[in-house]
Amino acid sequence: MYKRQIVNECLWIDGDENFMGLVTQVQGNKVTFRLMKDYRAKSRTRVWGIHARNREQNMAINLLMDPEIDFVTILGQAGTGKTLMTLAAALTQTIDERRFSEIIMTRATVSVGEDIGFLRGRTFLQKFVIIDEAQNLSPKQMKTLITRAGPGTKIVCLGNIAQIDTPYLTEGSSGLTYVVERFQGWQHAATITLT
């Protein structure tokens with residue numbers, strides 16, 4: 001059965017560990033893609049001193065480093081490298097490349113409830129924003145954070161839908177699920193699940 005590709009979908013071929021591509025355009029049955037960089041150990045290309053341990057991590061680093069992708073969602077269990085890769089990409093693009101002026105990292109903790117701090121009226125300009133433990137945010141809280149993104153800002157949401165700690169949220173009502181569904185197919189957004 002034919003599966004329809006979406007923009008910014010990662011491609012690979014079973015049995016060929018070296019082929020990794022990213023869908024850049026879909027027009028009817030025609031799919032355009034470009035090859036991804038290889039950040040694995042054998043290539044010696046590093047991001048802030050780290051390399052990808054496998055194909056999935058390599059794809060995630062490519063999404064994080066892509067200047068055309070402004071919104072990245074990385075899902076996966078603890079220990080899959082979500083936070084480490086994101087911080088490495090943020091440091092490289094902020095300190096080395098000067099693409100961003102600042103890194104902002106926030107973590108949703110259950111104890112804050114509806115209070116997510118003092119964001120009203122603030123816009124993030126040229127910031128690399130990391131939202132960790134995003135599965136614990138409601139759709140309203142998530143919307144409040146991501147609508148603060150101004151020109152030149154990249155937002156990265158990290159989380160594990162199976163580890164929701166907020167009592168009133170489920171996999172279907174989590175803000176993380178909300179953004180994955182809303183941004184799917186948008187040319188400046190990408191989602192990857194690490195196993």
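**View A. Q126 sits in the loop between strand 5 (102-107) and strand 6 (127-132).** The model is predicted: local features need pLDDT of at least 70 and side-chain atom pairs pLDDT 80 or more, while totals for chains, interfaces and linings use all residues. Residues are numbered from 1 along each chain as its sequence is written, and side-chain values use heavy atoms, without hydrogens or water. Helices (H or I, at least four residues) and strands (E, at least two) are DSSP runs, numbered from the N terminus. Q126 is partly exposed, at a relative accessible area of 40%. Buried means under 20%, exposed over 50%, and partly exposed in between, using a 1.4 Å probe and protein chains only. Phi of Q126 is positive, near 50°, and the residue is not a glycine. Find T153 next: 27 residues separate Q126 and T153 in sequence, yet their C-alpha atoms are 4.5 Å apart. Contact means heavy atoms within 4.5 Å. Leaving aside neighbours within four places in sequence, Q126 contacts R99, F100, S101 and E102, and also P151, G152 and T153.

**View B. R122 lies in the loop between strand 5 and strand 6.** Its relative accessible area is 38%, so R122 is partly exposed. Residues up to four places away in sequence aside, R122 touches I104 and R148. G150 is 28 residues from R122 along the chain, and 9.6 Å separates their C-alpha atoms.

**View C. Helix 1 (55-65) meets helix 2 (82-96) in a right-handed crossing.** Two packed helices are described by the angle between their axes and the distance between the axes. Here the axes come within 10 Å and cross at roughly 35°. Each axis is a line fitted to C-alpha atoms, for helices over the stretch in contact, and angles run from 0 to 180 degrees between N-to-C directions. From helix 1, the residues are Q57, A60, I61, L64 and M65. From helix 2, they are M85, T86, A89, T92 and Q93. The contact residues divide into 6 nonpolar, 4 polar and no charged. Nonpolar covers Ala, Val, Leu, Ile, Met, Phe, Trp, Tyr, Cys and Pro; charged covers Asp, Glu, Lys and Arg; the others, including Gly, are polar.

**View D. The buried residues of helix 2 pack against helix 1 and several strands.** These residues are K82, M85, T86, A88, A89, A90, T92, Q93 and T94. The strands they pack against are strand 4 (71-76), strand 5, strand 6, strand 7 (154-159) and strand 8 (189-194). Just after helix 2, R98 takes a positive phi of about 55°.

**View E. Q93 belongs to helix 2.** Its relative accessibility is 0%, so Q93 counts as buried. Not counting residues up to four places away in sequence, Q93 touches L64, M65, R98, R99, F100 and F128.

**View F. Helix 3 (residues 139-146) crosses helix 4 (residues 175-183) at roughly 60°.** Their axes come within 7 Å. That angle makes helix 3 oblique to helix 4. Under 35 degrees counts as roughly parallel, over 145 as roughly antiparallel, 65 to 115 as roughly perpendicular, and the rest as oblique. The crossing of helix 3 and helix 4 is right-handed. Helix 3 makes the contact with P139, M142, K143 and I146. Helix 4 brings G175, L176, Y178, V179 and F183. In this contact, 7 residues are nonpolar, 1 is polar and 1 is charged.

**View G. Helix 3 has buried residues.** They are Q141, M142, T144, L145 and I146. Among the elements covering them are strand 4, strand 6, strand 7 and helix 4.

**View H. R44 lies in the loop between strand 3 (30-35) and helix 1.** R44 counts as exposed, at 71% relative accessibility. Its phi is positive, about 65°, although R44 is not a glycine.

**View I. Y168 is found in the loop between strand 7 and helix 4.** Y168 is partly exposed, with a relative accessible area of 47%. K82 is 86 residues from Y168 along the chain, and their C-alpha atoms are separated by 25 Å.

Conventions:
Left-handed = near helix turned anticlockwise from the far one by under 90°. Expected span 1.5 Å × (residues − 1).
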